[in-house]
Every structure is written in structure tokens, then in C-alpha cells.
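This report examines the fold of one protein chain and then the surroundings of selected residues. Please consult the sequence and the model shown here alongside the text.

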Amino acid sequence: ACYLARNRGCRVLGVDVSVVGHAQAETRARENGLGHLAEFRLGDIHALEFPATTFDVIIGLDSWCHIPRRDALLQRCAQLLQPGGRIAFYDHVERQPLPEELRRRFCTWWRFAGLETPQSYVDALEAAGFEVLFREDTSAYAVRFYTRVLEGYRTERARFEAARGSEWYQEG
């Protein structure tokens, strides 16, 4: 939100269910002098009230996998967009079927409400009245990113355990 406000000069409304994430966003906007362009709401996107056709663009970055009822979310996005508005998002998806126990544990660890597949997202978008104009598989990027995260995690194990304990390290 702050990036878009600073680099594009647009007004941005960010929504976060996390108290910590919301506080960080407000602090970032204030420290960067963007309070007049970037506003943040704390709450569940399904429960927050907005008038219809409020937004020109709705963007989700690596977050919708945490929101339950994504079909309802996409329906709501369609209602909140002005005619001709756009929706864009980047999210975790299930590229190949996982054994149910692994899928459940994965979603629990990452606090995902669940995982869509690329096709289930397309189906939900079309059911909400959207036309898919562009779609890109970013799996190779994600593999590189999470490989680096894991390598860093392993490299910094001693510091992590000293700060948080070995149980937290093992959980991570």
C-alpha cells in the first residue's frame, strides 16, 4: 500500500486481520509521510463495510490463502469494484494434490484457510463475473524464494534458538 501510494500517488486502503500487521502498516505510512494517501483498516474483509463500486483496483498479495471463503471474497470484490475495475493477486496455490494429512498440516503451519488450485481460482473468478486477462505461473520463483528462506533459517539456527528457543525453531 505504501509503495503504491509513494510511487504512483494513488489513494490506497489496506485491510489486515492481524493487529500486528495493521499496526506495522500504519507506522510505515506515518513514518513515510503517506498518511494522506494510505489508510488501513483492521478487521475481517468479509465483515468490513464498504459502499458498492468503491474501488478502481483490488490487489491481493500473498494473502488470500489466509482468508476463508475465497469464492465469497471474489464475489464481494466484484461488487466493490467500479465498472471496468480490475482485480489482481498473487497467492499460494496447490499445484499438485497433496496427501490429506500433509495438506492439513501445511495449512495449519502456515495458517492458511485452505489452498486453491490454479483452476479453482479461475473458476471462482469467472463465477464472480470476472474475465481472466492474464495468468502467470510463478512456481519457479516461489521455489527459489522459499529455498533461500529455508537456507537462511538453517544458517541462522543458533541465533534463532537463542532468541526463541529450540521448540520454536523446530516448529518453524
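## Overall architecture

The model is predicted, with local features requiring pLDDT of at least 70 and side-chain atom pairs pLDDT 80 or more, whereas totals for chains, interfaces and linings use all residues. Residues are numbered from 1 along each chain as its sequence is written, and side-chain values use heavy atoms, without hydrogens or water.

Along the principal axes, the C-alpha atoms of the protein chain fill a box of roughly 50 × 40 × 30 Å. The protein chain has 172 residues, of which 28% count as buried; buried denotes under 20% relative accessible area, exposed over 50%, and partly exposed the range in between (1.4 Å probe, protein chains only).

Among contacts in the protein chain with a separation of 6 or more, 66% join residues 24 or more positions apart, a contact being heavy atoms within 4.5 Å. The mean positions of the 22 positive and 24 negative charges lie 4 Å apart. In this count Lys and Arg are positive and Asp and Glu negative, with His and the chain ends not counted; each charge is placed at NZ of Lys, CZ of Arg, CG of Asp or CD of Glu.

Helix α3 (residues 70-80) has Arg 70, Leu 73, Leu 74, Arg 76, Cys 77 and Leu 80 buried. These residues lie on the same side of α3 because they cover an arc of only 160° around the axis, the arc being that of the directions from the helix axis to the C-beta atoms. Asp 71 and Gln 79, on the other side of α3, are exposed. The packing partners of the buried residues of α3 are β3, β4 and α5 (118-127).

Ile 58 belongs to strand β3 (residues 55-61). Not counting residues up to four places away in sequence, Ile 58 touches Trp 64, Cys 77, Leu 80, Leu 81, Arg 86, Ile 87 and Ala 88.

Glu 94 is located in the loop between β4 (81-90) and α4 (100-109). Its side chain reaches the backbone nitrogen of Leu 98 at 2.9 Å. The side chains of Glu 94 and Arg 103 are joined by a polar contact of 3.0 Å; such a contact is a pair of N or O atoms within 3.5 Å, where within protein one must be able to donate a hydrogen and the other to accept it, and residues adjacent in sequence count only if both atoms are side-chain atoms. Beyond four places in sequence, Glu 94 touches Arg 103, Leu 115, Glu 116, Thr 117 and Pro 118.

Arg 157 lies in helix α7 (residues 157-164). With residues up to four places away in sequence left out, Arg 157 touches Tyr 169 and Gln 170.

## Accessibility of the selected residues

| Residue | Relative accessible area | Class |
|---|---|---|
| Ile 58 | 12% | buried |
| Glu 94 | 10% | buried |
| Arg 157 | 35% | partly exposed |

Two C-alpha separations complete the account. Ile 58 and Phe 89, 31 residues apart in sequence, are 8.2 Å apart in space, and Arg 157 and Tyr 169, 12 residues apart along the chain, are separated by 7.2 Å.

Technical notes. Helix = DSSP H or I, 4+ residues; strand = E, 2+ residues; numbered from the N terminus.
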